[in-house]
Amino acid sequence: PNDLVRILGVVKPDLVVTSRALTANLETARAEVDVPPPLVVEDLPSPGGAPPLEPLADDPEDDPARSAFSVLTSGSTSVSKIVLCPQAALTDAMPYFREALQPGDRVGLFWIYYYFLCPLLFGCTTVIIPDRAFLDPKLFLDCVKRQRLAAVYITPSILELCVKNASVEAFADAFASVRCIWLTGEKLRDETRE
């Protein structure tokens, strides 16, 4: 709850989308910070019964450079931070994805909220890698192999854990289908690159 109070106080969101499981913590934080009631995703109507979205009005307030969503970073490189992201951040990596992906590819993402649209727009499947896999190199390698990923988007420290804690054969076997690894969030050490 203390982190949520800090996050909500900085971001001051107009909308909070969450799951039913997380609403208890959010309600505690909302008591201290004035934010609207959350939209709980499990309570959304089925797609067939949902009302159509209204088009955005021609208004300077709809400038795509304005913050559209925020992400709390993991803190793997320093203290966790709140990153305010413009609407364009959902698709700003399109050139990178265009170079590496082919329709039908399966893409495992670390920052799922940032880039989940890019693979979908190229006819690929976005695979959500479970959080616990980022703490367990064996589980991560198993996930990459089992999901037959063509590309993965991870931090250098996750890659380093895999390299240090798996044999060359196990790593090569798990990554046999992977054509591209995007690394983000930290400096890539020369030893890891080698």
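**Close-up views of a predicted model**

**View 1. Strand β5 beside β7.** Strand β5 (residues 106-109) runs parallel to β7, and three bridges join them. Here helices (H or I, at least four residues) and strands (E, at least two) are DSSP runs, numbered from the N terminus, and two strands pair if DSSP finds at least two bridges between them. Look across from glycine 108 and you find valine 152 in β7 standing opposite. A word on the model before moving on: it is predicted, so local features need pLDDT of at least 70 and side-chain atom pairs count only at pLDDT 80 or more, while totals for chains, interfaces and linings use all residues. Residues are numbered from 1 along each chain as its sequence is written, and side-chain values use heavy atoms, with hydrogens and water left out.

**View 2. Aromatic rings.** Searching the whole structure turns up four aromatic pairs. Rings of Phe, Tyr and Trp (its six-membered ring) pair if their centres lie within 6.5 Å; planes under 30 degrees apart are stacked, over 60 edge-to-face, and the rest tilted. Tyrosine 153 and tryptophan 182 make a tilted pair, 6.2 Å centre to centre with 50° between the planes. Tyrosine 153 sits in strand β7 (residues 151-154) and tryptophan 182 in strand β8 (residues 180-183), so this pair ties together parts 29 residues apart in sequence. Both tyrosine 153 and tryptophan 182 are buried, where buried means under 20% relative accessible area, exposed over 50%, and partly exposed in between (1.4 Å probe, protein chains only). Phenylalanine 171 and phenylalanine 175 are stacked, because their ring centres are 4.5 Å apart and their planes at 10°; these two are buried as well. Ring pairs also link Phe97, Tyr153 and Trp182 into a cluster.

**View 3. Helix α7 and its cover.** In helix α7 (residues 156-165), the buried residues include Pro156, Ile158, Leu159, Glu160 and Cys162. Among the elements covering the buried residues of α7 are α6 (137-146), β7, α8 (168-174), β8 and α9 (190-193).

**View 4. Where α6 meets α7.** These helices pack at an angle of about 100°, with their axes 9 Å apart. That makes α6 and α7 roughly perpendicular to each other (angles of 65 to 115 degrees; under 35 is roughly parallel, over 145 roughly antiparallel, the rest oblique). On the α6 side, Pro137, Phe140 and Leu141 meet Ile158, Leu161, Cys162 and Asn165 of α7.

**View 5. Threonine 184 in its loop.** Threonine 184 is found in the loop between β8 and α9. Its relative accessibility is 17%, so threonine 184 counts as buried. Setting aside neighbours within four places in sequence, threonine 184 is in contact (heavy atoms within 4.5 Å) with Tyr153, Ile154, Thr155 and Pro156.

View 6. Cysteine 118 is buried at 0% relative accessibility, and cysteine 143 is buried with a relative accessible area of 4%. The whole structure contains zero disulfides, a disulfide being a pair of cysteine sulfur atoms within 2.5 Å.

Terms used:
Axes are lines fitted to C-alpha atoms, for helices over the stretch in contact, and angles run from 0 to 180 degrees between N-to-C directions.
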